[in-house]
Amino acid sequence: MKRHSVAIGLLISAVFLYVAFRKTDLGELAQHLAAANYLYLVPASILTLGALWVRAMRWGLLLRPLQRISPPTLFSATSIGFMCNNVLPMRLGEVIRAFLIRRSTGVRASAAFATIVVERLFDLFSMIGVFGVLVIFAPFHNRQFKIGALLACVAGLVVLALLVFYHARPSAVERLVGRLLPGRIRDRVIALLRSFGDGLMIFRDPPRLLGVGVLTLVMWLMIAVVIKICFASARLQEGGLVLPATSSLVVLVVIAIGVMVPSGPGFVGTMQAAAILGLAIVGYTDRDRALSFSILYHATQWFPVVLVGLVYLVKENLSLAQMRQISTRADLETPEENGS
């Protein structure tokens, strides 16, 4: 892990923490947290781990053309990877997941990472789909949010068109890359594109594509329920404030986009700022209660995932020091995989 990457991640988190806390009454925040119903965090944490299991099974479908991998192996790699996302900066757990699958199964790390990129694309398109639903059916009238949602839908359609073009004409894209990039990086970029193309093979398998789509929907619905439970835990509707029925979906979308920003360990700062923004979009004006919700929700995403990830890390006879070492690699292939 390069020091400048750590510094950048910590700086981004610090900026978003400032944004989240700058207008907060810390006394009010402490009172809201003291009054929260922490029993609600138990089912929320269980659902969080259930969503992590669904994510692992979805990854297995994406990996199936490369190798059929058992659910325990998938869940182990996914748990350790997401635990590393919570304790290491810049989402380095995604790279670690690819290396863990290579270690367990022999699947090329670059090919495994390509499926993770495709997995993130499914997440992106599912969020765009939710955006579209909110634009049409949401009962609130936040013009800026709805314009942003429409722009996101347009951007998503552009990305989808580019993916379809690359899937249909990979050689044309590779020739273009070959002409535009200098020789020292051209070969690496083309190799990564080909690995990414392997991940796109799912579009030629409609039943598997449907399975990935269904699991994506189930996973995000589970997380939306977690958010709804954390609303209740933070007692957001006390004091006469009312949340629209679609508020958990709005907050889900905004948080999902917010934590895509590279940051310090565990999405600290970005998650708080995104949660406050999501609640503001639906007209929730109590900033201190919104921040208390973000802290409670963050706890359900951090503690159970880190605990389970550490259990699997010990089970695999690995250590966090080894995970940090993996994250320093310059590429996704080992010497054996590169043939050197």
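Phe-267 is buried, since its relative accessible area is 11% (buried means under 20% relative accessible area, exposed over 50% and partly exposed in between, with a 1.4 Å probe and protein chains only). The model is a predicted one, in which local features need pLDDT of at least 70 and side-chain atom pairs count only at pLDDT 80 or more, while totals for chains, interfaces and linings use all residues. Residues are numbered from 1 along each chain as its sequence is written, and side-chain values use heavy atoms, with hydrogens and water left out.

**Positive phi angles**

- Most residues other than glycine have a negative phi.
- Phe-267 has a phi near 60°, a positive value in a residue other than glycine, and Phe-267 is found in the loop between H11 and helix H12 (270–281); helices here are DSSP runs of H or I with at least four residues, numbered from the N terminus.
- Arg-235 also has a positive phi, near 55°, and is likewise a residue other than glycine; its place is the loop between H10 and helix H11 (247–258).
- Arg-235 counts as partly exposed because its relative accessibility is 30%.

**Helix H10 against helix H13**

- Helix H10 (residues 206–233) packs with helix H13 (residues 287–315) at an angle of about 135°, and their axes are 9 Å apart; axes are lines fitted to C-alpha atoms, for helices over the stretch in contact, and angles run from 0 to 180 degrees between N-to-C directions.
- That angle makes H10 oblique to H13, where under 35 degrees counts as roughly parallel, over 145 as roughly antiparallel, 65 to 115 as roughly perpendicular and the rest as oblique.
- Ile-223, Val-226, Ile-227, Cys-230, Phe-231 and Ser-233 of H10 meet Phe-293, Leu-296, Tyr-297, Thr-300 and Gln-301 of H13, contact meaning heavy atoms within 4.5 Å.
- The residues of this contact of H10 with H13 comprise eight nonpolar, three polar and no charged (Ala, Val, Leu, Ile, Met, Phe, Trp, Tyr, Cys and Pro count as nonpolar, Asp, Glu, Lys and Arg as charged, and the others, Gly among them, as polar).

**Helix H3 against helix H13**

- Helix H3 (residues 41–63) packs with H13 at an angle of about 55°, with axes 9 Å apart, and that makes H3 oblique to H13.
- The contact brings together Leu-41, Ala-44, Ser-45, Thr-48 and Leu-49 of H3 with Leu-296, Thr-300, Gln-301, Pro-304, Val-305 and Val-308 of H13.
- By class, the contact of H3 with H13 holds seven nonpolar, four polar and no charged residues.

Methods: Helix = DSSP H or I, 4+ residues; strand = E, 2+ residues; numbered from the N terminus.
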